[in-house]
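Here is a brief report on the architecture of the structure shown below.

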Protein chains: 2
Amino acid sequence: MGNVNSAKHHQPSDQNIIFTNNVGEAIDSIVGEIKPSKLFVLVDTNTDVLVLPRLAAISKAVESATKIVIKAGDEHKDLDTLAQVWSQLSENGATRESMLINVGGGVVTDLGGFAAATFKRGMAFINIPTTLLGAVDAAVGGKTGINFNNIKNQIGAFRQADAVVISATFFDTLSQHDLRSGYAEMIKHGLLESPEVFNRLIDSDVADIDTNAMLNLLQESVLVKKRIVDADPTEKGLRRALNLGHTIGHAYETLALERHSPIPHGYAVAYGMLTELVISHMQLGFPSDTLQRYAKYVAESYSSFNFSCEDYPNLLAYMAHDKKNASPERINFTLLEQVGKIKIDCIVGQQDIKTALDITRDLMGI
Amino acid sequence: MGNVNSAKHHQPSDQNIIFTNNVGEAIDSIVGEIKPSKLFVLVDTNTDVLVLPRLAAISKAVESATKIVIKAGDEHKDLDTLAQVWSQLSENGATRESMLINVGGGVVTDLGGFAAATFKRGMAFINIPTTLLGAVDAAVGGKTGINFNNIKNQIGAFRQADAVVISATFFDTLSQHDLRSGYAEMIKHGLLESPEVFNRLIDSDVADIDTNAMLNLLQESVLVKKRIVDADPTEKGLRRALNLGHTIGHAYETLALERHSPIPHGYAVAYGMLTELVISHMQLGFPSDTLQRYAKYVAESYSSFNFSCEDYPNLLAYMAHDKKNASPERINFTLLEQVGKIKIDCIVGQQDIKTALDITRDLMGI
């Protein structure tokens, strides 16, 4: 009987994350280890211009890879774009021994990861997130997918990247909004982890952090997510902790979209965490001084989100539509007893949510 | 911290296969155990008419399920059909806690399995194969997918069904060709397993076997595949044993298709195994008397496949295009030292293949 080769693809719970600002070296080393038969690099129309030339100059692997370009923007994270990526892989001779290098934000790593997870039932892929939000969130954790039928991420797979290279090198291509948006997810990880991590983050100003200091903060933050995902890769329980701020945050995001004045995802999460910390205070005694401190930080860094009690019915309806909820009367939250003390699957009634929205408006001064 | 729910979906190596002719009871029991939030049943235009009414009469779960119908035939195992299934799941309120029941042959279980594996990053699905080929091959083992860009199964995922119900109940809907086609894969399992299993199969006439005797043979055969897949779910090594007969079989199948007189997949495998046993005899001393015995069985049960030495260049080209091969000069085979003694990853040169094709034609009397 022949030899059984060692498994090339990592299992869901085994994530290979490399933290470095020497991105080119890291990519070439991973490629040297996995030895793919053929290399492809996926970029969007933004990273094609802003990042790829810089990356090709420092990585032989990227320079030699066959390029696939998709349109930038969440509205192109769809089946048409996915089919284009599959076609280009197919027409350029990709096999199950090939590798795809995803270079971009969450759209590129989510869609590229799903394309690779399903091409010939799975080829290798690595993620090179170029945005702060991508680095702390989308690129790590194995959630891949596309939007379908107007529902975000409706089609996808759980499949870890063979490696993720986390770096602050390309953050100079980002706007202040982009930076603050990603930073909100880092603060979320701080809230889930410990007072030390949380305090370190809200005592820093994301606009002033240099590349090396940012890499250290990134590492601390991403490892919080990694530990949670490793314990529960397919979101049966603990992983829902990562939804902190998102149940109400998504509702704020949708409201802003309906008003035709969209807000960045991370801003919505920052506001959503404020309201959910209010609920945590009401229901689990989350400390008042920490809540006040966070409210002040949000006001200073994210300004405020304007809404009135006339928006409450819509906000509640958006929360009820979240895929985690079985019925509108029983909305599911991740809450905190204190910083680092997580309680998932908390059911909160509509009246308590309305009270928390009132208090949020007070804290924001609106 | 909240409780972490037990994992609902089986890991790749943990297949739940139920052998029974009481299919309705088995389905209702699985559904009672998994308790999906909503049930869907996928059929094609054939099983919708021939099987579903019988199944709905004996299974409350199937009777209550929301029906999704796709067009029958491998030419519809494509992205359009997949998107239709996703849409119908979405529009009828499927969640990640729902379940899809696939009722049909390989097209239904492959495409339905992939739809379920990727809807909301994975909902539950069970397979109810209604063809012999589906029962012994497609429905078991976790290979799901669709054809893409004219390449069979180019897009897909490895994902085990949450359960597979193997039964001979619906084989009365099959033609003699369908039965013999599936039986060839059973014989393949016999060749991989032991002289006892192999002899039992070629001493029986598939057309004469009653439903209960067939269920016993099916169980023996499927468990051979299950053991191999459990040891190597994502085909890194040992699983390639299941390619026995397929490297040359696919070439015969393609040749027949090019001539516009297609042959059933299992027939092509039966002829392909004959040629690959000839190579096994030439290279590994596979016993001559067993080879002769198998040749006689093929002639009696599958008649012969007509080809001449003028077809050799085409046949070799088809083999070289197989996704398992790195170059046309080095074609990869699974061979046997004797029945039950497998050797994977055997590289065979073109001259030896031509000699084996000559001998095959002698043995077939063409």
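## Helix packing

The crossing of α12(A) and α15(A) is right-handed. This is a predicted model. Helix α12 spans residues 265-284 of chain A, and helix α15 spans residues 350-364 of chain A. They pack at an angle of about 120 degrees, with their axes 9 Å apart. That angle makes α12(A) oblique to α15(A). On the α12(A) side, the contact is made by Leu274(A), Thr275(A), Val278(A), Ile279(A) and Met282(A). On the α15(A) side, it involves Asp352(A), Thr355(A), Ala356(A), Leu357(A), Ile359(A), Thr360(A) and Leu363(A). By class, the contact of α12(A) with α15(A) has eight nonpolar residues, three polar and one charged.

A second pair in chain A is α8 (residues 176-193) and α9 (residues 195-202). Their angle is about 150 degrees and their axes are 6 Å apart. Angles over 145 degrees count as roughly antiparallel. Hence α8(A) is roughly antiparallel to α9(A). The crossing of α8(A) and α9(A) is left-handed. From α8(A), the residues that meet α9(A) are Met186(A), Ile187(A), Gly190(A), Leu191(A) and Glu193(A). Their partners in α9(A) are Val197(A), Phe198(A), Leu201(A) and Ile202(A). The contact of α8(A) with α9(A) counts seven nonpolar residues, one polar and one charged.

In chain B, α5(B) and α6(B) pack at about 50 degrees, with axes 10 Å apart. These helices are therefore oblique to each other. Their crossing is right-handed. Thr81(B), Leu82(B), Val85(B) and Trp86(B) of α5(B) make the contact with Leu111(B), Gly112(B), Phe114(B) and Ala115(B) of α6(B). Six of the contact residues are nonpolar, two are polar and none is charged.

| Helix pair | Angle | Axis distance |
|---|---|---|
| α12(A) and α15(A) | about 120 degrees | 9 Å |
| α8(A) and α9(A) | about 150 degrees | 6 Å |
| α5(B) and α6(B) | about 50 degrees | 10 Å |

## The sheets

What is the strand order of the open sheet in chain A? The order is β1-β8-β5-β4-β2-β3, six strands with parallel pairing. β1 (17-19) and β3 (66-70) of chain A stand at the edges. Each has a single partner strand, so one side of each is left without a neighbour in the sheet. Neighbouring strands are turned by 20 degrees against each other on average, direction ignored.

Ile17(A) stands opposite Val164(A) in β8(A). Helix α10 (residues 211-231) of chain A lies across β1 and β8 of chain A. It runs at about 165 degrees to β1(A).

Chain B also has an open sheet of six strands, in the order β1-β8-β5-β4-β2-β3, with parallel pairing. Its edges are β1 (17-19) and β3 (66-70) of chain B, each with a single partner strand. The twist averages 20 degrees from one strand to the next.

Within the chain B sheet, β2 (residues 39-44) and β4 (residues 99-104) pair in the parallel sense over four bridges. Leu39(B) stands opposite Met99(B) in β4(B). α5(B) lies across β2 and β3 of chain B, running at about 165 degrees to β3(B). Helix α10 (residues 211-231) of chain B packs on the sheet and touches β1 and β8 (163-166) of chain B. Its direction makes about 165 degrees with that of β1(B).

## Chain to chain

How many residues of chain B are in contact with chain A? The number is 37, and they touch 37 residues of chain A. The elements of chain B that give two or more residues to this side are α5 (79-91), α6 (106-118), β6 (143-148), β7 (151-158) and β10 (341-348). β7(B) gives the most, with six residues. By class, this side of chain B has 16 nonpolar, 13 polar and eight charged residues.

A rotation of 180 degrees with 0.0 Å of shift along its axis superposes chain B on chain A, with an RMSD of 0.1 Å. That is the relation of a two-fold axis. Of the interface residues of chain B, 100% are also interface residues in chain A, so the copies meet through the same surface.

Key
Residues are numbered from 1 along each chain as its sequence is written. Chains are lettered from A and ligands numbered from 1 in the order in which they are written. This is a predicted model: local features need pLDDT of at least 70, side-chain atom pairs count only at pLDDT 80 or more; totals for chains, interfaces and linings use all residues. Two residues are in contact if their C-beta atoms, placed from the backbone, lie within 7 Å. Ala, Val, Leu, Ile, Met, Phe, Trp, Tyr, Cys and Pro count as nonpolar, Asp, Glu, Lys and Arg as charged, and the others, Gly among them, as polar. Two strands pair if DSSP finds at least two bridges between them. Axes are lines fitted to C-alpha atoms, for helices over the stretch in contact, and angles run from 0 to 180 degrees between N-to-C directions. Angles under 35 degrees count as roughly parallel, over 145 as roughly antiparallel, 65 to 115 as roughly perpendicular and the rest as oblique. A crossing is left-handed if the near helix is turned anticlockwise from the far one by less than a right angle, and right-handed if clockwise. Copies are superposed by least squares on the C-alpha atoms of residues with pLDDT of at least 70 in both.
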